[in-house]
Amino acid sequence: MIHSALSSIHADEDLKQKTKKSVSELITKRRVKYRFHAAPIVSAAACAAVFAAAVFGYNMYFTPVYALSIDINPSIEFGINRFDRVINVTGYNEDGKKLVENTDIKNMKYTDAVESLLNSESVQEYTENGADVVVTVSGGNIQKNEEIITAVENCHTQTHMYCYDVSDEEAQEARNYGLTPGKYRAYTELKKYEPNITPDEISGMTMREIREKISSYTGTDYSYGNGNGYGNNRGHHGKHTY
């Protein structure tokens, strides 16, 4: 290409040769320079991609997608990621906070975490005396919530277990009152008969105490899911009620 470009120029042959040599040297230097600088650019891009993937994976793992709350008297809530792992645990009353402090369940699969929690000595003090265990799930679609509820029911044989799912809106409303969805729903029901009752009072009551109070006004056995579920040998497994 260099040769053809210069062949049409009428000049001294020696000048042509020198010009060819200079142009070739310049092109060679530029190629070397490009290769020298391109390598770190490619490496930097690769490092950035790996870093971005690591950050994305980290955020994905530590971002809660589903919420699973358990109420007995201890009231706690698990934040569950898309890999079905418990990534945070919140105590909603004094007993719940103590239970969180004494139970190491983070990063467990949620079924293992539920089983570990319900088999803990402090919880068995309640369940051995026939306490109600209320489990609520929110955050997923209908199929995922049903999957979590079924898995929780299958991992424990507690006689008085009531499981149902709630909408994200109801779950957030419960948090605004400092309650889990299970206690919030029971609170709104009891408030119909005891208008002066407060969220703090409800927070300190066992689920069985709340149920018995409501039942004393209605004359029927309160089922936590407001009658929208279906019975099983562990309580009521509620469908969406929103």
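Predicted model: local features only at pLDDT ≥ 70, side-chain atom pairs only at ≥ 80, totals over all residues.
The chain has 10 helices and seven strands. Take the contacts between residues at least 6 apart in sequence: 55% of them join residues at least 24 apart.

The chain exposes about 13,600 Å². Carbon and sulfur atoms supply 54% of that area.

Next, strand E5, residues 161–165. Why is strand E5 largely enclosed by the rest of the structure? Buried means under 20% relative accessible area. Five of the five residues of E5 are buried, so the strand is largely enclosed. Look at the faces. In a regular strand, side chains alternate between the two faces of the sheet. In E5, Met161, Cys163 and Asp165 sit on one side, and Tyr162 and Tyr164 on the other. Both faces are covered.

Which way does E5 pair with strand E4, parallel or antiparallel? Parallel, over five bridges. E4 covers residues 133–138. Within it, Val137 stands opposite Asp165 of E5.

On to the cores. The largest nonpolar core has 27 residues. Leu68, Ile70, Phe78, Val114, Leu118 and Val152 have the most contacts inside it. Strands E1, E2, E3, E4 and E5 each give two or more residues to this core, and so do helices H4 and H6. Which element gives the largest share? That is H4, with five residues.

Technical notes
Residues numbered from 1 in each chain as written. Heavy atoms only, no water. Buried < 20%, exposed > 50% of the residue type's maximum accessible area, 1.4 Å probe, protein only. Helix = DSSP H or I, 4+ residues; strand = E, 2+ residues; numbered from the N terminus. Pairing = 2+ DSSP bridges. Contact = heavy atoms within 4.5 Å. Areas by Shrake-Rupley, 256 points an atom, 1.4 Å probe, with all protein chains shown as cover. Core = buried A, V, L, I, M, F, W, Y, C linked by side-chain atoms within 4.5 Å.
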